[in-house]
Amino acid sequence: SATPPPSVTPIAIATATARTADLPIRIDAIGTVTPITTAAITSQVSGQVVKVHYQEGQRVTAGTPLVEIDPRPFAAQLEQAQGTLERDQHVLAQARMDLERYRAAWARRAIAKQQLDDQEKLVLQAEATVKLDKGVVDYNKVQLSYCSIAAPIAGRIGLRLVDPGNVVVANTGAPLAVVAQLQPISVVFAISEDNLSAVL
């Protein structure tokens, strides 16, 4: 009797073109996710914290308000500086008017040259005083702007490190908040020397 042929299972065959390419090599290692940028935020002015706008673990963008420091002392200093500037601008205007009068009087030989020279120097002094006052006003504007602290970078904020009512001192002590950049971010890990040639 004839033996029936064994059953044959069909096999699918696919064709491929031979080519040169890198082989994927996988190396398992324990790594540490490390932000490329981390910002530890401190106050640039001393004062009492009146508002904390962030929550722990919150994602923030650059410019997101974080902490408010009582601006009233700095607003008062700015107003005082602006008042001094305004007063000295009027003093300068009066000195310039007097200078024009002295020049007219000198043209008629009604006053001594020394009086005209003295008035010219008084105008220069008043101009320098106004310049100094403008610098003080600009400085106080900067100090007032430091009362509103915002995130300098985008990322995730860490623990809440300050509460309303706390008094902070400029550029000292623990940071008010820490922001870690998430995108992009790096992963640092070590591999054994045996794998180095394959990686290279």
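How many bridges join strand S3 to strand S5, and in which sense do the two run? I looked this up to begin with: three bridges join S3 (residues 47–52) to S5 (residues 65–69), and the strands run antiparallel.

Some housekeeping for my notes. I am working with a predicted model, where local features need pLDDT of at least 70, side-chain atom pairs count only at pLDDT 80 or more, and totals for chains, interfaces and linings use all residues. Residues are numbered from 1 along each chain as its sequence is written, and side-chain values use heavy atoms, with hydrogens and water left out. Strands are DSSP runs of E, at least two residues, numbered from the N terminus; two of them pair if DSSP finds at least two bridges between them.

Back to S5. I found Val52 opposite Val67 in S5. S5 also pairs with S6 (residues 148–150), antiparallel, over three bridges, and there Glu68 has Ser148 as its bridge partner.

Next, I traced an open sheet of four strands, ordered S2-S9-S7-S4 with antiparallel pairing. Its edge strands are S2 (38–41) and S4 (59–60), each pairing on one side only. Within it, two bridges join S7 (residues 155–157) to S9 (residues 177–180), and Arg156 faces Ala180 in S9.

Last, I checked the surface. Val33, Ile185, Val187, Phe189, Ile191 and Val199 make a nonpolar patch of about 520 Å² (residues with over 30% relative accessible area and no salt bridge, nonpolar side chains joined within 5 Å; a salt bridge is a Lys or Arg side-chain nitrogen within 4 Å of an Asp or Glu carboxyl oxygen; areas by Shrake-Rupley, 1.4 Å probe). Strand S10 (residues 185–189) gives the largest share, three residues.

Conventions
Patches are made of residues with over 30% relative accessible area and no salt bridge: like charges are joined within 9 Å, nonpolar side chains (Val, Leu, Ile, Met, Phe, Trp, Tyr) within 5 Å.
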